Amino acid sequence: MLPSQPLLHTAVLTLAVLQALASDTFIAAVYEHAVILPDVTDEPVSPDDALALMNKNMDVLEGAIKEATQQGAHIIVTPEDGIYGWHFTRETIYPYLEDIPDPAVNWIPCTDPTRFGPAPVQERFSCMARNNSIYVVANIGDKKLCNSSDPSCPSDGRYQYNTDVVFDPEGKLVARYRKYNLFMSETQFNYPKEPEAITFETPFGKFGIFTCFDILFREPAVVLVSELQVDTVLFPTAWMNVLPFLTAVEFHSAWAMGMGVNLLSANTHNISLAMTGSGIYAPDGARTYYYNMKTEDGRLLVAKLDSHPRLSPASSPAVSWSSYALSVKRFSPNDHDFSGLIFHDQFTFTELTKPEGNLTVCQKDLCCHLSYKMAGKREDEVYVLGAFDGLHVVEGQYYLQICTLLKCKSTDRNTCGQPVEMAQTKFEMFSLSGTFGTNYVFPEVLYSGVQLAPGDFEVLNDGRLISKTRPTKPVVTVTLFGRWYEKD
């Protein structure tokens, strides 16, 4: 006699859990989604029309979830804004929102969909998780009524939150995170009164979750890693790439390495807005990543990760980021320092005029040291060493210390700092360090064509970022991106 569907589901789930428990590794998946966008309108659509649009996107995500399951994935992360996009006002986003309860209510929307009122989106994601026996991470909109007794209550009588949800393999809601650091264009949402530090336990480690712009701030990002000691961070994002430092795959990989955790980064895909770049990152580099500015295709990524990366033999010891730079004398003095802008920040640059050498460039309290040897200096390519020590104030306020070796856009030094994707110059060696005042420094190496360099460089305990391959592939930038949270 064939087993009933509930018994079969329980057996499959039990087997999946036992398999995860039997190993110190797990299979992770992220999906970069080319979101089907609604028509831009000044008037709210009907709830039925909103749900119809979200169902089109969820059809695509469900296909990715099924494929990930077939490849053995235990968890899948989908992008920020992945079911409705981003062209909204407070009023026009409202039909897309649902009331998302606190996970403490112990709720499986798939089997009890009307317990908290209409929740078709949560029901569908819950069923995707349950039917495929996989953790599903999705970004949806939350709404909460408020009244005049709450002095912070918006004039329309409701809070609206950019919210991540996590459903476990039974379909139960196990995590809800409301984005705290809203990007400047997210006027349709409120931020919570206090930042949330959301974690949950799985058979393959302790997980934390936050969204997109949150990664650049102490709360919740550093709190989750440094204080709550999560093993893996789930990261739905809609990341607009900003070369040379904040391209998605480059910065997210560097953040995972600098923080010593796994990062599952799922980006939206929209090349007209330069949105692309998803990856599965470990402390020792990218396990897999995707960057495509040519076509409008989505992409599923699947890779194996250590469940507890801090316990891995490959886990790096703590780095004293300024140790080497503070111990050396200033290299050759610079008579040709000049200024240039990178993402609106005023850097101090000095040019690499010789095929090899030692250089120092300083700004305020930060001095950046570079030893290098080019594998044949090209006359049609200009490289500079740059330093920035200050408060970035464009789309948010956060304090940075950055040391960078980068290729200029042309031989005109006025182009230094402008976005560059292609290069031809290779290096026999490089060693970059700086007198950082922060311990939160993220190492980045970006090759021509926006290619990462996992395994091609390492960070020494004294804070030097050095090349390991001879020669390197053509270099776009080598960067130590320091984030001085304490000075914000």
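Select phenylalanine 349 first: its relative accessibility is 0%, so the residue counts as buried (buried means under 20% relative accessible area, exposed over 50%, partly exposed in between, with a 1.4 Å probe and protein chains only). The model is predicted: local features need pLDDT of at least 70, side-chain atom pairs count only at pLDDT 80 or more, and totals for chains, interfaces and linings use all residues. Residues are numbered from 1 along each chain as its sequence is written, and side-chain values use heavy atoms, with hydrogens and water left out.

Now turn to tyrosine 84 and phenylalanine 88. The structure holds 30 aromatic pairs (rings of Phe, Tyr and Trp, the last by its six-membered ring, pair if their centres lie within 6.5 Å; planes under 30 degrees apart count as stacked, over 60 as edge-to-face and the rest as tilted). Here the ring centres are 5.7 Å apart and the planes stand at 90°, so the pair is edge-to-face. Tyrosine 84 is buried at 1% relative accessible area, and phenylalanine 88 is buried at 11%.

Return to phenylalanine 338 and phenylalanine 349, whose rings form a tilted pair, 5.6 Å centre to centre with 45° between the planes.

Then select arginine 413, which lies over the face of phenylalanine 338, 4.0 Å from the ring centre (a charge sits over a ring if NZ of Lys or CZ of Arg is within 6 Å of the ring centre and within 35 degrees of the ring normal). Finally, select arginine 158: its charged end sits over the ring of tyrosine 94, at 4.0 Å from the centre.
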